[in-house]
Amino acid sequence: MDESGLIEAARRGDLDAFNRLVLAYQDLVYTQAYRMMGDVEAAEDATQEAFISAYQHINSYRGGSFRGWLLRIVTNACYDELRRRKRRPTIPLEPLDAEDEEVESPGWLADMAELPEESAMRAELRRAIQRCLNELSVEFRTMVVLIDVQGLDYQEAAQVAGAPVGTVKSRLARARMRLRDCLLAFWELLPSAYRLKNEGSE
Amino acid sequence: MKKQLRQRDWQDLSAYLDGQLSSRERARLEEKLRSREDLQNALEELRRVRIMLRSQPRLRAPRNFTLGPEFASQGVGRQPFRRLSPALGLVSALASVLFILVVIGENLFGAAQPAMAPAPAEFQAKSAQVEMAASPTELALQKAPEQSVELEAEPQVTDQSMQAQEMSQQVEGGVTQTLDVPGAGMLEYPAPLARAYEEGAYPPPAVPSPTALAAQETQQLSPQPTQLALPATEAAVAQSAPEQPAIAPAAETVQSPSGFWNPWRFVQFGLLLLAIISGALAFYWRQRSR
């Protein structure tokens with residue numbers, strides 16, 4: 001059954017059809033939640049809450065991008081949680097073991113076949129990026145995650161954020177401005193393939 | 001000297017990276033980039049930031065977030081109220097517009113009413129006063145032929161006192177009616193006057209007391225039967241006339257308590273309440289459905 005069929009079945013109350021949609025989109029939703037909240041536990045809560053809300057309000061989906069619709073729900077759930085907490089999310093990003101050392105869980109590693117030093121550099125870069133994202137206001141952070149991390153275009157990001165395209169442009173530009181001082185220090189951590197690709201495109 | 005870039009420059013560079021500039025804007029920016037090194041450096045910095053962010057893989061969910069069987073029994077939310085949200089918003093907007101129109105209409109067309117509104121009451125009061133003035137006269141004139149007949153029939157002094165007696169009998173002997181006049185208490189009036197009051201000739205006519213009326217009758221006795229009635233009537237009218245100015249203020253004071261809460265006010269209040277409630281409900285359900 002294709003996505004539209006699953007959605008229609010879910011609207012009729014078919015829980016199995018909805019759970020298939022959950023499996024297809026949970027990485028996307030969890031990534032958004034984690035990048036916005038900055039810690040695992042809060043991201044899990046926001047993700048679960050988003051899917052529950054999506055199931056209960058499936059009849060409010062009126063077509064268009066289902067991905068964007070889900071991202072909007074999880075973004076709002078994160079906004080609500082951040083407002084409740086009234087603080088910016090902070091590191092550590094990974095759970096701590098008995099010695100308070102960060103534990104690398106399999107879910108965090110994109111490629112288990114990496115060399116150890118590459119894995120360490122990637123992990124450090126990931127942490128650095130998240131630290132820099134945490135320094136942004138939630139509105140700027142949301143925009144840069146939607147477009148630069150999740151790969152949405154400006155129009156779709158505007159629908160998710162409930163803001164005009166002009167606002168999307170402005171927030172994204174300001175987010176990137178503020179990130180450059182923080183991120184560029186870790187430029188050398190970026191895998192060479194990415195750096196070479198960038199230099200070759202000039 | 002390093003030139004500080006404006007916010008607009010950063011925004012243009014960021015949009016240029018994503019291909020979000022129009023062809024004209026892109027051409028203009030590229031021309032500036034050719035001549036300004038600071039813009040080139042800024043563009044390169046933004047490019048690296050974007051690369052670093054896009055180099056990050058999508059995170060894998062640490063567990064499955066599928067819903068358990070307990071959600072199957074709950075069912076999918078129908079959200080009937082959410083569908084009402086746009087309609088409620090429309091209702092709120094319409095009620096607000098109507099409220100404004102009613103207020104404007106009342107101010108434009110109701111400005112004449114305060115001058116006019118008392119007029120009917122004034123007219124009623126005046127007409128009551130005219131009736132008051134007339135009715136004693138009418139009464140007297142009605143009685144006058146009878147009196148004249150009686151006087152002619154019995155041209156004696158005792159007939160005149162009998163007239164006075166008759167008048168007082170008519171006043172005292174059951175042709176009167178007791179009315180509860182605000183501010184004056186229970187007063188006796190001749191029945192026709194009392195009827196006029198009850199029919200809306202408000203305020204009640206100022207009629208001299210029956211004993212005073214009878215006393216005037218006896219004091220103004222004359223051989224001419226018609227002349228007998230008129231002076232008494234005129235005296236009664238003259239006596240009642242000074243009291244007329246006292247009536248008008250009573251009429252005005254009785255009117256004023258109902259001046260604010262007229263039907264227009266109820267309409268305005270209802271529209272305002274409808275606009276506020278429907279607007280609040282529409283906003284609340286729309287926020288909940290997000």
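This is a predicted model: local features need pLDDT of at least 70, side-chain atom pairs count only at pLDDT 80 or more; totals for chains, interfaces and linings use all residues.
## Interface of chains A and B

The size of an interface is often given as the accessible area lost when the parts come together. For chain B and chain A, the buried area is about 5300 Å², of which 58% lies on carbon and sulfur atoms. In terms of residues, 46 from chain B are in contact with 62 from chain A.

Polar and charged interactions also cross this interface. The rule finds 4 salt bridges between the two chains. In one salt bridge, the side chains of R54(B) and D148(A) meet with an N to O distance of 3.2 Å. A further search of the interface of chain B and chain A, for polar contacts, gives 14 residue pairs, with both residues at pLDDT 80 or more.

## The contact side of chain B

Four helices of chain B each supply at least two residues of the side that touches chain A: α1 (7–17), α3 (37–54), α4 (70–74) and α5 (80–109). The greatest contribution to this side comes from α3(B), with 11 residues. Sorted by class, the side of chain B that touches chain A comprises 18 nonpolar, 13 polar and 15 charged residues.

## Overall features of chain B

The secondary structure of chain B consists of 13 helices and 2 strands. Chain B has 290 residues, and 35% of them count as buried. Where contacts in chain B join residues at least 6 apart in sequence, 59% of these contacts link residues at least 24 apart.

## R35(A) in helix α2

R35(A) is located in helix α2 of chain A, which covers residues 15–37. The residue counts as buried because its relative accessibility is 1%, under the 20% cut-off.

Leaving aside residues up to four places away in sequence, R35(A) has contacts in both chains. In chain A, R35(A) touches R126(A), Q130(A), L133(A), R141(A), V145(A) and V149(A). In chain B, R35(A) touches Q56(B), P57(B) and L59(B).

## Helix α3 of chain A

Helix α3 of chain A runs over residues 40–56 and has 17 residues. From the first C-alpha to the last, α3(A) reaches 24 Å, close to the 24 Å expected at 1.5 Å a residue. The N-terminal end of α3(A) is capped by D39(A), with a side-chain oxygen 3.4 Å from the backbone nitrogen of E41(A).

The buried residues of α3(A) include V40(A), A42(A), A43(A), A46(A), A50(A), F51(A) and A54(A). Also buried in this helix are T47(A), Q48(A), S53(A) and Y55(A).

Methods: Residues are numbered from 1 along each chain as its sequence is written. Chains are lettered from A and ligands numbered from 1 in the order in which they are written. Side-chain values use heavy atoms; hydrogens and water are left out. Contact means heavy atoms within 4.5 Å. Buried area is the accessible area (1.4 Å probe) that two parts lose on being put together, summed over both. A polar contact is a pair of N or O atoms within 3.5 Å; within protein, one must be able to donate a hydrogen and the other to accept it, and residues adjacent in sequence count only if both atoms are side-chain atoms. Ala, Val, Leu, Ile, Met, Phe, Trp, Tyr, Cys and Pro count as nonpolar, Asp, Glu, Lys and Arg as charged, and the others, Gly among them, as polar. The expected span of a helix is 1.5 Å times one less than its number of residues. Buried means under 20% relative accessible area, exposed over 50%, partly exposed in between (1.4 Å probe, protein chains only).
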